[in-house]
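Visitor: Could you walk me through this model, one question at a time? I have the sequence and the structure open.

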Amino acid sequence: MTVAEDGSPPGEGVLERGGGQMKVRQAIDGAMGSGGGAARLCLLALAAGWWGAGCMMTARQGPAVAPVPVEPVQVATNPPPAVVVPVVTIAPPPVAHPIPGEDWKSPVTGMEFMWVGALKMWVGKYEVTNGEYRKMKSDHYSGVYQGQSLNGDRQPVVQVNFYRARELAEWMTQKDFASGSLSSTPQYRLPSEDEWLVFARCGEERAFPWGKEMPPKYGNYSDASVKASFAQWTPIPGYNDGCAVSCVVEQSGKNEWGLYGVGGNVWEPVARDDSGKFFATWHGASWRYDNSKFLRCDYCSARDATSLESDFGFRLVMVCEGEVGR
Ligand SMILES: [Ca+2]
């Protein structure tokens, strides 16, 4: 075996590039021969990207080999357009919670509540409607009264007793919490009798929800409009609210605290205390009543907790994390 001057074995070559010298050691297989080895070296140099215009190779072993033509390298001047990957931002669920002093809407049922500062709690703006109750019990039917529907989505739910009202309050508390949209948990329940009397009288000593005297200033009672539907009924003299049976809650009369239908429309059950769990009585009268005795705030219906009637509904209140009622 012949050894080159630098000690390289036969078949190894030296590349000269410009004024410098670079050595590439390349094992040459027999099939290519020494001349083929030189060509392979050049191709490898090209592949490595460092073949320049002044590159010249001289084989130390074997016959001289003609330079291999170099294909010009196509350099892309217009790179392909960048692939735009859309950035998808997953927003966290909205976080909300009842704020004392501000009104509140249940995220699950849409039920609205008014902040009542005198009680440091929220009170249902309206009596619970058929539509809201059917969020829990989809097949509930409030029925008709002498051909007139009581079952509209915005009419107050009836044919529900104290226990069904309590069930809705517990269901709403669980569902609003499970919705994951709240940073604190509202506690819905029935009002105590003391709480109901405070918001029914707007914090005053009133005989009736609207004040001290008959006839009513607002509220759905047995009024002049019933004569067209129920000729045998006795209306309240000098009063016409326009509704023979239960009316949509937005038309049931707004008191000074922004609460609708506290007097009239449907009877509302109250609890013995602020746990909301134990039945006390029913207050407020309904669209069927004209006698002032029943319209008084302090009048209690003789019906029990299990009564199911066409004019018995309910209203809920809500407290939340330290904001407790009286
Ligand atoms: Ca009426």
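Visitor: In what order do the five strands of the open sheet lie?
Guide: Happy to start there, with a predicted model in which local features need pLDDT of at least 70, side-chain atom pairs count only at pLDDT 80 or more, and totals for chains, interfaces and linings use all residues. Residues are numbered from 1 along each chain as its sequence is written. Strands are DSSP runs of E with at least two residues, and helices are runs of H or I with at least four, numbered from the N terminus; two strands pair if DSSP finds at least two bridges between them. The pairing here is antiparallel, and the order is β4-β5-β6-β12-β9.

Visitor: Which strands stand at the edges?
Guide: An edge strand here has a single partner strand, so one side of it is left without a neighbour in the sheet. The two are β4 (104-105) and β9.

Visitor: What is the bridge partner of Val123 in β12?
Guide: Strand β6 (residues 121-124) runs antiparallel to β12 (residues 317-320), and two bridges join them. For Val123, the partner is Val317.

Visitor: Within what arc do the buried residues of α3 fall?
Guide: Buried means 20 or more other C-beta atoms within 10 Å of a residue's own, exposed 12 or fewer, and partly exposed in between, with C-beta atoms placed from the backbone. Among the buried residues of α3 are Phe162, Leu168 and Met172. Taking directions from the helix axis to the C-beta atoms, these buried residues line one face of the helix, because they fall within an arc of 155 degrees.

Visitor: Which exposed residues does the face turned away from the buried side of α3 carry?
Guide: That face of α3 lies away from the buried side. Its exposed residues are Tyr163 and Ala178.
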